[in-house]
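Please keep the sequence and the model in view while going through the numbered points.

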Amino acid sequence: MKTRLSNAAHKKLWVEYDLEPEIKRCCDFLFQFPILAQKLTVLSLQMRKDYDKAIVVAWFSLAVSQFMKLPPEDRANLFVAALMHDIGMLHIPREITTKKDNLTPVEWRAIKSHTIIGQKIVAQIPGLPPAVARAILEHHEMCDGTGYPGGLVEQDISTLGQIVGLLDTVFAIFHNKLAPKHLGTRPLVPILQINAYTYSSRVCNAVIRLLQDF
């Protein structure tokens with residue numbers, strides 16, 4: 001998505017939300033945990049599209065967190081969770097993650113397990129706040145209870161999990177539906193508005209507000 005922004009929109013987000021020092025601060029936090037950098041390197045080599053998505057989701061999550069005025073600790077945890085949210089996919093058999101045909105029920109259950117796998121990996125890292133692992137676990141939960149792995153409803157999903165989940169969805173819609181038709185990000189706004197009941201209104205409104213600047 002970042003590459004599709006106009007220079008003016010990109011500059012506006014970058015300046016208005018003071019993203020350069022924020023990204024530096026969050027990267028400094030990330031590099032306190034070398035295992036995370038190692039996992040990201042592996043992701044970039046083995047699953048480049050997922051790595052690129054992680055970078056975009058993490059970048060945009062900082063603008064959302066600034067807009068929502070989240071405290072600095074939450075912003076750093078969000079940034080790391082956004083980067084690592086699909087790290088569990090590295091532990092799913094490649095014949096499943098690269099399959100072009102429809103997945104079988106067994107294969108789909110394997111794909112869905114990436115949230116739990118990622119959560120377990122990150123939860124074992126000494127000193128990393130539990131909020132990071134929780135957001136990774138929750139990033140496919142939906143506020144109406146239709147998500148996975150727990151079928152949680154809005155009040156049971158952390159704000160960080162809601163942000164990562166919504167931005168993951170936004171990226172998927174853009175990449176799979178809009179970009180092939182050479183459309184920009186504007187159509188994302190009505191799509192989110194129509195489906196707003198599945199997301200936290202606070203998070204959804206923040207994302208829509210930022211998308212309207214593109």
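Where does threonine 146 lie? The points below begin with that residue, after a word on the model.

This is a predicted model, in which local features need pLDDT of at least 70 and side-chain atom pairs count only at pLDDT 80 or more, while totals for chains, interfaces and linings use all residues. Residues are numbered from 1 along each chain as its sequence is written, and side-chain values use heavy atoms, with hydrogens and water left out.

1. Threonine 146 lies in the loop between α9 and α10. Helices here are DSSP runs (H or I, at least four residues), numbered from the N terminus. With 58% relative accessibility, threonine 146 counts as exposed; the term exposed applies over 50% relative accessible area, buried under 20%, and partly exposed in between (1.4 Å probe, protein chains only).

2. A cis peptide bond, with omega of about 10°, joins tyrosine 148 to proline 149. Most peptide bonds are trans, and most residues other than glycine have a negative phi.

3. Lysine 69 is placed in the loop between α4 and α5, and its relative accessibility of 71% makes it exposed. Histidine 182 is placed in the loop between α10 and α11 (188-194); with a relative accessible area of 70%, histidine 182 is exposed.

4. Helix α10 covers residues 159-178, and its 20 residues should span 28 Å at 1.5 Å a residue; the end C-alpha atoms are 27 Å apart, which agrees. The expected span is 1.5 Å times one less than the number of residues. Because 14 of its 20 residues are buried, α10 is largely enclosed by the rest of the structure.

5. Helix α4 (residues 48-67) packs against α10 at an angle of about 125°, and their axes are 10 Å apart. Axes are lines fitted to C-alpha atoms, for helices over the stretch in contact, and angles run from 0 to 180 degrees between N-to-C directions. The pair is therefore oblique, given that angles under 35 degrees count as roughly parallel, over 145 as roughly antiparallel, 65 to 115 as roughly perpendicular and the rest as oblique. Among the residues of α4 that meet α10 are Val57 and Phe60, and the α10 side includes Leu167 and Phe171. Contact means heavy atoms within 4.5 Å.

6. Helix α5 (residues 72-84) and helix α9 (residues 130-138) pack at about 40°, with axes 9 Å apart. That angle makes α5 oblique to α9. In this contact, Asn77, Val80, Ala81 and Met84 of α5 meet Ala131, Val132, Ala135 and Ile136 of α9.

7. Which residues does valine 203 touch? Leaving out residues up to four places away in sequence, valine 203 touches Met68, Gln162, Ile163 and Leu166. Valine 203 lies in helix α12 (residues 201-211) and, at 2% relative accessibility, counts as buried. Valine 203 and glutamine 162 are 41 residues apart in sequence, yet 7.1 Å apart in space, C-alpha to C-alpha.

8. Serine 201 is also placed in helix α12. Its relative accessibility of 46% makes serine 201 partly exposed. Serine 201 and cysteine 143 are 58 residues apart along the chain, and their C-alpha atoms are separated by 9.5 Å.

Methods:
Helix = DSSP H or I, 4+ residues; strand = E, 2+ residues; numbered from the N terminus.
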